[in-house]
Amino acid sequence: MDETPENDASPPATTQESTRAARLRTGAARAGERAREVDRSPALQRAVKRVRSGLPGDAHFGDPLSLGGARHTEAVGRAIVGLTGDRPGVAREVGLGGVQVWQSMLERFGRGGGEHEVVLVFTDLVEFSRWALEAGDDAVLRVLRQVADAWETPMTRRAGTVVKRLGDGLMVAFADPAAALAAVVEARRRLGELQVEGWEPRMRAGLHSGRPRRVGGDYLGVAVNTAARLGDAGKADEILVSGDLLRRLDATTVTARRRRRLRLKGAPDDLEVYAVEPV
């Protein structure tokens, strides 16, 4: 009599393969969901943004304005934004932060910047925010109109281009360093003549020259960041300039005092800062 073979208890090979494939898909799905949770973590996003704010270059790189050019860094930035979508995320911030540093290094070595030398001026009202809290909207609007006339007129009269108004500040671009400094000095004098009840309008200013990238009606790059940091760091009535700008001025027309202990976040480490006054 023929012996009947025992039944094989193991499932067919095709069934085993299907089970393994299903487990792999499940594991991949779980890993993907976990990665998305990490990417969307508000705490991690805030941490990465804090790191980006301390990196060289434009910490806001990635917005539509900074991606509007045709340079390679801007093309890479657009690709990162396209891959990550419009939603904020850790991966997007990390990617843009890398391109931010890349662009900064290119500019420091003389590449990746604009084609023309530009003098950038940032002005700011000292203690304005504190006064505005008590003065009320009507008084603030009235004073800002007076301030705009006081310091924009000498800027435009000396061929300065008002790039943007920053609430109680101003960003202006010049071609000539001497004209830029003369405009700031006159703006400071005109501002000192304003009469505001309960507050004395006083300004500070920062000037720096470089080759920023022109995108639309705005400028971007390390040179812009440096000029803005100089404007923020000044005391009341103080005019701070970079060593690069000071060397483009006639030494017989200004007195300069080196601010040795001043370190500006986001500006080049070797930046020389001077407080200047006209002779």
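Two residues are in contact here when heavy atoms of theirs lie within 4.5 Å. The exercises below concern a predicted model.

**Exercise 1.** State which residues Val-273 is in contact with, leaving aside its neighbours within four places in sequence.

*Solution.* Begin with the location: Val-273 belongs to strand 9, which covers residues 273-278. Next, apply the contact criterion with the sequence neighbours set aside; the partners of Val-273 are then Leu-230, Leu-240, Val-241, Arg-257, Arg-258, Arg-259, Leu-262 and Leu-264.

**Exercise 2.** Determine whether Val-273 is buried or exposed.

*Solution.* The cut-off for a buried residue is under 20% relative accessible area. The relative accessibility of Val-273 is 2%, and therefore Val-273 is buried.

**Exercise 3.** Identify how strand 7 and strand 8 pair with strand 9.

*Solution.* Consider strand 7 (residues 239-242): its pairing with strand 9 is antiparallel and has three bridges. Within strand 9, Val-273 is the residue opposite Ser-242. Then consider strand 8 (residues 254-258), which is also antiparallel to strand 9 and is joined to it by five bridges. Here Thr-255 has Glu-277 of strand 9 as its bridge partner.

**Exercise 4.** Explain why helix 8 is described as largely enclosed by the rest of the structure.

*Solution.* Helix 8 spans residues 222-233, twelve residues in total. Its buried residues include Val-222, Ala-227 and Leu-230. Because nine of the twelve residues are buried, helix 8 is largely enclosed by the rest of the structure.

Technical notes
Residues are numbered from 1 along each chain as its sequence is written. This is a predicted model: local features need pLDDT of at least 70, side-chain atom pairs count only at pLDDT 80 or more; totals for chains, interfaces and linings use all residues. Side-chain values use heavy atoms; hydrogens and water are left out. Helices (H or I, at least four residues) and strands (E, at least two) are DSSP runs, numbered from the N terminus. The expected span of a helix is 1.5 Å times one less than its number of residues. Buried means under 20% relative accessible area, exposed over 50%, partly exposed in between (1.4 Å probe, protein chains only). Two strands pair if DSSP finds at least two bridges between them.
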